[in-house]
Amino acid sequence: MGTKNKILLEVMYKASYCLPCFYMDETVQEILPKYEDQVEYRRVEFMKGSGRERFFELSYKLFGKENVHKYARVAPVPSLFMDGELVFDAIPPMFELEEAILEALEKRGIDI
C-alpha cells in the first residue's frame, strides 16, 4: 500500500526531556506495529528544522496565522494529529487511540 493510502499520524514533540511528549510518542510507537500497512507515523520535533515549519502549518490550520503570531496560539504540546486534524491534546489511552485509527480507516474505506 502506498503512503498516499495511509493515515498520517503526527505527534507534536518538543524534546526527550519533555516527559508528556516522550510518553505520547511511546503510546503511538506501541500501537504502530499493528497498523504498519495502514498508518504512517511522524514525530514533529518542532524545536528544529522542518519540524518547526510543520508545527506552524498545523497551528495555522487550528487557529489562523494572525492568532498564532499575534496571540501565540499554537498547537498543544504534546498533541496527536491524524491527517492534519487535531485528535488528541493529551496522551490518549491505548484503546482510544486504536478506536480513532479504526474510525479514520473506516472513513477512508481502508481494510485492516
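Modeller: The expected span of a helix is 1.5 Å times one less than its number of residues. Please keep in mind throughout that this is a predicted model.

Biologist: What distance does helix α1 reach from its first C-alpha to its last, and what is expected at 1.5 Å a residue?

Modeller: Helix α1 runs over residues 19–31 and has 13 residues. At 1.5 Å a residue the expected value is 18 Å, and the distance from the first C-alpha to the last is close to that, at 19 Å.

Biologist: Which residues are buried in α1, and over what arc around the axis do they lie?

Modeller: The buried residues in α1 are C21, M24, D25, T27, V28 and I31. They are on the same side of α1, because the arc that they cover around the axis is only 155 degrees. As a general point, an α-helix has 3.6 residues a turn, so residues three or four places apart point the same way. The arc asked for is therefore 155 degrees.

Biologist: Which elements do the buried residues of α1 pack against?

Modeller: Strands and a helix both take part in this packing.

Biologist: Which cysteines form a disulfide, and are they buried or exposed?

Modeller: A search of the whole structure finds one disulfide, formed by C18 and C21 with their sulfur atoms 2.5 Å apart. The link is right-handed, with 65 degrees about the S-S bond. Buried means under 20% relative accessible area. C18 has 14% relative accessibility, so C18 counts as buried, and C21, with a relative accessible area of 0%, is likewise buried.

Biologist: Which element gives the most to the lining of the largest pocket?

Modeller: The largest pocket holds about 170 Å³ of space. Its lining is made up of M82, D83, V87, E99, A100, E103, A104, K107 and R108. With six residues, the element that gives the most to this lining is α4.

Biologist: Where does D89 lie, and which residues does D89 touch, not counting residues up to four places away in sequence?

Modeller: D89 lies in the loop between β4 and α4, and because its relative accessible area is 53%, D89 is exposed. The C-alpha atoms of D89 and A75 are separated by 8.5 Å, although these residues are 14 residues apart along the chain. Leaving out residues up to four places away in sequence, D89 touches P76, P78 and S79.

Methods. Residues numbered from 1 in each chain as written. Predicted model: local features only at pLDDT ≥ 70, side-chain atom pairs only at ≥ 80, totals over all residues. Heavy atoms only, no water. Disulfide = S-S within 2.5 Å. Buried < 20%, exposed > 50% of the residue type's maximum accessible area, 1.4 Å probe, protein only. Helix = DSSP H or I, 4+ residues; strand = E, 2+ residues; numbered from the N terminus. Arc of directions from axis to C-beta. Contact = heavy atoms within 4.5 Å. 1 Å grid on protein atoms, 1.4 Å probe; cavity = no way out; pocket = protein on both sides within 12 Å on 5 of 7 lines; lining within 4 Å. Points joined across faces, edges and corners; volume = space filled by probe spheres on them.
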